[in-house]
Amino acid sequence: MQDVVEKVYEQVVARNRGEAEFHQAVREVLESLDPVIAKHPHYADNALLERIVEPERQIIFRVPWVDDAGTVHVNRGFRIEFNSALGPYKGGLRFHPSVNAGIIKFLGFEQIFKNALTNQGIGGGKGGADFDPHGRSEGEIMRFCQSFMTELARHIGPATDVPAGDIGVGGREIGYLFGQYKRLRNAYDAGVLTGKGLAWGGSLARTEATGYGTVLFAASMLATKGQSLEGKKVAVSGAGNVAIYAIEKAQQLGAVPITFSDSSGYVVDEAGVDLDLLKQVKEVERGRVKDYVERRPGARLVTKGRPWDVPVDVALPCATQNELDGDNAATLLRGGCAVVAEGANMPSTPEAVEAFQSAGILYAPGKASNAGGVATSALEMEQNAGRTRWDFATADAKLTAIMADIHDSCVAAAEEYGRPGDYVLGANAAGFTRVADVMIAHGIV
Ligand code: NDP
């Protein structure tokens with residue numbers, strides 16, 4: 001990295017001790033920006049890099065709640081309002097026991113550039129809590145969401161900060177959060193949260209958007225080589241919102257997804273995933289992947305290793321950060337994998353990214369390939385503001401157009417900075433310059 005960029009990175013590490021995921025996300029972006037800063041030195045002036053790596057506001061709060069047995073629990077809640085140059089802070093809420101300040105900061109930082117890539121006037125933020133929803137009753141989930149929103153409500157609003165879902169936060173949780181917000185504010189601010197139910201301000205295609213967008217991005221990358229997804233074998237990780245709809249879109253485009261996973265292991269179904277059964281197990285019954293295997297002849301559950309051990313043409317990591325390391329990347333490459341599109345945020349470790357790029361395969365970082373979710377959230381905000389509702393085809397067509405535009409912006413930026421086909425550089429450079437130009441216009445704020 002150039003000295004000026006290296007210095008910013010060192011300051012981030014010193015100021016945010018122990019926040020390994022945040023350091024990793026910052027490093028990846030700053031490394032990419034070397035050619036951008038070299039070509040446009042004014043971006044390093046006025047401490048623009050120093051400002052972009054520092055959240056505008058960090059909110060950390062106590063979330064007390066009572067379980068069904070009457071025991072009091074205390075979790076920690078976060079909302080990191082990272083950058084509002086382009087619009088209200090926008091980004092999901094994650095409920096998972098691993099959540100800490102560094103994880104929420106890495107997600108919020110990534111969100112700045114992802115949201116800029118969508119070109120929809122949304123800033124970057126992220127939040128969540130170290131709450132583990134697994135095994136909790138409906139009543140416990142509801143009471144936790146209500147306590148979480150009791151504090152969060154004072155910080156958010158349709159023109160200020162608009163949270164959505166992420167790991168552990170789906171339509172059910174957004175419902176409880178919205179109900180509590182409405183009660184506290186005495187206002188039906190539909191645009192304060194996205195990922196809402198269709199009967200109360202949600203957008204058609206939002207549920208599908210992240211997974212669909214990831215696969216559309218993979219298809220766009222393949223198209224640059226005159227190829228398609230037709231007949232390609234696909235490994236997917238995760239079995240949540242993103243994974244399920246990545247599988248659905250891959251199947252629609254003629255590919256054959258053969259794996260999915262959760263934290264208990266991964267499933268290999270060589271005949272191709274039975275999507276109806278997977279949705280029944282995961283979305284309706286909230287079960288585990290073993291429940292799928294028990295009802296699906298020929299499918300097997302593997303409790304050691306990762307889906308990346310299975311030879312495939314395309315890999316779609318859709319579970320969580322750092323779930324695909326250098327060894328996994330080497331295994332995938334040996335098995336013939338030629339396309340990786342990230343549905344999750346930062347699922348590939350730096351060693352894995354290096355391996356994919358050295359091998360010259362098509363590799364899309366999450367901030368580009370999984371931007372369909374937040375893009376459709378912005379479409380939901382647009383419908384809420386206009387008090388209107390589009391049909392599925394309209395929302396889906398807009399999502400498809402946005403993903404194509406993000407792909408083309410990445411390709412163009414990678415070419416402009418001298419590394420054609422480098423989607424990491426392309427995504428970071430295109431996202432960064434959009435935000436940086438506006439930050440300069442707004443002055444030192
Ligand atoms: P869900 O909660 O719906 O599903 C997450 C899935 O990943 C579950 O199958 C879960 O298994 C698995 N998983 C989570 N953490 C771990 C872990 N530490 N080890 C192994 N498996 C794990 O979340 P989403 O599908 O919404 O999110 C998945 C990824 O996509 C995340 O990285 C998220 O940030 C990213 N993303 C999501 C967007 C969205 O619109 N929802 C938008 C853009 C990115 P288990 O249930 O066993 O924990």
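**Close-up views of a predicted model**

**View 1. Helices H8 and H9 run roughly antiparallel to each other.** In this predicted model, the axes of H8 and helix H9 (residues 275-284) cross at roughly 170° and come within 11 Å. To find the contact, look for Ile244, Tyr245, Ile247, Glu248 and Gln251 on H8, and for Leu275, Leu278, Lys279, Lys282 and Glu283 on H9. Sorted by class, the contact of H8 with H9 has five nonpolar, four charged and one polar residue.

**View 2. Helices H7 and H8 are oblique to each other.** Here helix H7 (residues 206-223) packs against helix H8 (residues 241-252) at an angle of about 50°, and their axes are 7 Å apart. The crossing of the two helices is right-handed. H7 brings Thr207, Glu208, Thr210, Gly211, Tyr212, Val215 and Leu216 to the contact, while H8 supplies Asn241, Val242, Tyr245, Ala246, Glu248, Lys249, Ala250 and Gln252. By class, the contact of H7 with H8 has seven nonpolar, five polar and three charged residues.

**View 3. Polar atoms of Arg94, His134 and Ala239 lie by ligand oxygen atoms.** For Arg94, a polar side-chain atom is 2.9 Å from an oxygen atom of the ligand. A polar side-chain atom of His134 lies 3.0 Å from a ligand oxygen atom. With Ala239, a polar backbone atom is 3.0 Å from an oxygen atom of the ligand.

How values were computed
Residues are numbered from 1 along each chain as its sequence is written. This is a predicted model: local features need pLDDT of at least 70, side-chain atom pairs count only at pLDDT 80 or more; totals for chains, interfaces and linings use all residues. Side-chain values use heavy atoms; hydrogens and water are left out. Axes are lines fitted to C-alpha atoms, for helices over the stretch in contact, and angles run from 0 to 180 degrees between N-to-C directions. Helices (H or I, at least four residues) and strands (E, at least two) are DSSP runs, numbered from the N terminus. Angles under 35 degrees count as roughly parallel, over 145 as roughly antiparallel, 65 to 115 as roughly perpendicular and the rest as oblique. A crossing is left-handed if the near helix is turned anticlockwise from the far one by less than a right angle, and right-handed if clockwise. Contact means heavy atoms within 4.5 Å. Ala, Val, Leu, Ile, Met, Phe, Trp, Tyr, Cys and Pro count as nonpolar, Asp, Glu, Lys and Arg as charged, and the others, Gly among them, as polar. A polar contact is a pair of N or O atoms within 3.5 Å; within protein, one must be able to donate a hydrogen and the other to accept it, and residues adjacent in sequence count only if both atoms are side-chain atoms.
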